[in-house]
Amino acid sequence: MPYEEIRKMILEVDEDQLTEPMIQTLVKHLPEQEQLNTLVKYKSEYANLSEPEQFGVVMSSVKYLRPRLNSILFKLQFEEQVNNLRPDIMAVNAACDEVRKSKPFSRLLELILLMGNFMNAGSRNAQSFGFNLSSLCKLKDTKSADQKSTLLNFLAEICEEKYPEVLKFVDDLQHVDRASRVSAENLEKSLRQMEKHLLQLEKDLNTFSSTDDQQDLFHSKMAISFHTFARDQYQKLKIMHSNMVTLYLNMLEFFAIDSKKISVEELFTDLSNFRAMFMVSRDSDSAHNHSLYII
């Protein structure tokens, strides 16, 4: 592709031809502005220059080239970023709601506490008022005297025989698996990065508005069609994320869990693993003969 054509595409923010890999490559290999400024002096000797130098001469005539490319890259990546973040936030919201409001799950926890207090009668753990949700997966570690069954197998069998309504908790907690793959830290980092890019774009728009190049469509394309849309989408994500944090902290408080000791992904991984283990135990032909969890 002729270098002048690439220059024109950048100035016009031509999304039909500009691709994400192309802009990423340009940003990665772009010389510093000082070097580009030096190349301008050799414009009259263009034919004698090497290809990289010729490319540099053509590109050096684009004002604010690096920030311009960074803003175009942000625009090209924006929709994908939003589409990655929104489902993560929604999954955590849904999982918090399910865990907090599921009556079968609440009843299951009641049964587990009852079983634990019965087994611990006479010990220092007798008559406990509750237990940590992270302990759920440990039910498979408590084995019967003959080592052929676990406490989880027993729980599944009891629910099957006497408390079938409790089994519905598996259907209630549909989003815990999806939520277990969400990193709260990465969510916050991505939102901070998005805000940083938006602020930089706003700064660039103020700078680029003074250009006198008729071919330069950066300001009109980025200000009218993109900036307002991006700012609106970011604000919506920010509100969704804030609601997610509130919902999550309320759920932790409800179950008396210390937010400093467990992350979003750790909690939902424990719940997802327990849900999967319980389903395997329930679906086995005979809970007592089930040996999947015997260590």
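A crossing of two helices is left-handed if the near helix is turned anticlockwise from the far one by less than a right angle, and right-handed if clockwise. The model is predicted, so that local features need pLDDT of at least 70 and side-chain atom pairs count only at pLDDT 80 or more, while totals for chains, interfaces and linings use all residues. Residues are numbered from 1 along each chain as its sequence is written, and side-chain values use heavy atoms, with hydrogens and water left out.

**View 1. Helices α11 and α12 cross left-handed.** The axes (lines fitted to C-alpha atoms, for helices over the stretch in contact, with angles from 0 to 180 degrees between N-to-C directions) of α11 (residues 218–254) and α12 (residues 264–283) come within 12 Å and cross at roughly 60°. Tyr248, Met251 and Leu252 of α11 make the contact (heavy atoms within 4.5 Å) with Val264, Leu267 and Phe268 of α12.

**View 2. Helices α10 and α11 also cross left-handed.** Helix α10 (residues 184–208) packs against α11 at an angle of about 155°, with the axes 10 Å apart, and α10 is therefore roughly antiparallel to α11, a term for angles over 145 degrees.

**View 3. The largest nonpolar core has 82 residues.** Such a core is a set of buried (under 20% relative accessible area, 1.4 Å probe, protein chains only) Ala, Val, Leu, Ile, Met, Phe, Trp, Tyr and Cys residues joined through side-chain atoms within 4.5 Å. Its largest share, 13 residues, comes from helix α5 (residues 65–101). Leaving aside neighbours within four places in sequence, Leu108 is in contact with residues including Leu155, Phe274 and Phe278.

Conventions:
Helices (H or I, at least four residues) and strands (E, at least two) are DSSP runs, numbered from the N terminus. Buried means under 20% relative accessible area, exposed over 50%, partly exposed in between (1.4 Å probe, protein chains only). Angles under 35 degrees count as roughly parallel, over 145 as roughly antiparallel, 65 to 115 as roughly perpendicular and the rest as oblique.
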